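The paragraphs below go through them in turn.

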Amino acid sequence: IVCCTALLVLVADLFVAQGVKKLLGWLAIAGLIAGMFAVYNTPDGLAFGNRSFVNDQFAMYFKYLFLGIGVLVIVSSMDYLANRTTHHGEYYFVLLLVIMGTMFMVSAGELISLYVSLEMLSVGSYVLVAYLRTRQGIEGGIKYLLFGAFCSAVLLYGIGIIYGMTGTTEIKGIGEFLSQGDKGCALPLGLAFILAGFGFKIACIPFHFWVPEAYEGAPVPITAFLASASKAASFAVFIRVFMEGFSGIKQEWTMALIVLCILTMAIGNLSAIPQTNIKRLLAYSSIGHAGYLLIGLVIGTVNGLSAVMFYLLVYALATLGIFMVIAIISKRIGTDEIEGYEGMSKRSPFLCLCMLICLASLAGLPPLAGFMGKFYLFAYAVHAGYIYLAVIGFIFSTISVYYYFRILKSMYFMEAKDESIISFSLLLRVVLILIMLGLFLIGILPQSFISLAIESVPKWY
């Protein structure tokens, strides 16, 4: 359904007048909503009789998340693209194919199909980052492409080594082979290459160098997509490969993951402090959040994995809210520098309130959803004996409050250079209200959401 919608949008673009290009966005949204109904009506099982495409509760949880993120990104894009490009059809076409790539990723139960779906996500993302052809966008796209190509080759080399050792590319088969104890001397090398390949996609240290430039140069809705859907898809694949395929040798990679986790939290949060561009600040913040999420993978229990899945939901919601506000404001003020937000509370109190709530959620302040996301991660870490990871995570989470509230200081406590009112559509206002209500609802009543995540943890666990 998503693929056919993408093709339909591309063809419809030929017949839609320039003044009503928003119709293409609505067509794309209709396709994504239809995709949600199709996911709901799809039974669990193997699509082609083998494990190249697995449909289970774990995959369905993330497919709903990706389709929901896609709807919000397109809603934001319809307003953002209005005066920036005439090529709307191609934009929605590529975006829908990228969303399809994320859906294939979470259903891939075999390494070759996983690699192909990962490339579907990556290649489309390179195009979307540089889509507006600005100098920063092209620079970000090229850096993303070069790092992506290198890490893609590293990942494929690791897959080759693992296949050579185990004789299978099925993730379940790899897990069964390694659980027998016949590990082989090449295993650490293959494991290291696969870890590096996935490290690039989840943007952990030291595979993060593409993130600030790609986030800064991309159109704001695409930055939101990279920070939410792309990260969620990468963590979902990470969980499936390492917990199903490599769970028999968990002690071999846990220490490496702990080191990556601590470095990612530290460098991500500390590097965000001096940033003056709001998109670069949020890029380093995204790296810091990848560090928090790695805590759940280190724990490696049902509780730890459910905490990761719950955190990805609340993180995506807050991130999309922030970038929707940035898209509205940047279209009016023409800059993404934090100083451009000075006195914004006089120009649009509603947008500033939305930014306040979403940033407070990312910082982990109660009673918002972000607080519960971090609470579950840190509480399960303590319960599993990783007290030091919970303490380090809490310290850097506290540090993040400082740089998030630098944005709010600029909005609420600085004098406005221009006091003209910022207007925007009723649709965007309604969507932002729903996002704020969602953050409060999940924060106050998290039980049903964490229960859903626990039920969606793969049955092989």
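Tyr157 is exposed, because its relative accessible area is 52%, where exposed means over 50%, buried under 20% and partly exposed in between (1.4 Å probe, protein chains only). The model is predicted, so that local features need pLDDT of at least 70 and side-chain atom pairs count only at pLDDT 80 or more, while totals for chains, interfaces and linings use all residues. Residues are numbered from 1 along each chain as its sequence is written, and side-chain values use heavy atoms, with hydrogens and water left out.

Rings of Phe, Tyr and Trp (its six-membered ring) are taken to pair if their centres lie within 6.5 Å, and planes under 30 degrees apart count as stacked, over 60 as edge-to-face and the rest as tilted; this rule gives 25 aromatic pairs. Among them, Phe58 and Phe62 are edge-to-face, because their ring centres are 5.2 Å apart and their planes stand at 70 degrees. Both residues belong to helix α3 (residues 57-80), where they are 4 residues apart, about one turn of the helix; helices are DSSP runs (H or I, at least four residues), numbered from the N terminus. Phe58 is buried at 0% relative accessibility, and Phe62 is buried with a relative accessible area of 0%.

Tyr157 forms an edge-to-face pair with Phe193, at 5.1 Å centre to centre and with 70 degrees between the planes. This pair links distant parts of the chain, since Tyr157 lies in helix α6 (residues 135-166) and Phe193 in helix α8 (residues 187-202), 36 residues apart. Phe193 counts as partly exposed, at 23% relative accessibility.

Elsewhere, ring pairs join Phe198, Phe238, Phe242, Phe246 and Trp253 into a cluster.

How values were computed
Helix = DSSP H or I, 4+ residues; strand = E, 2+ residues; numbered from the N terminus.
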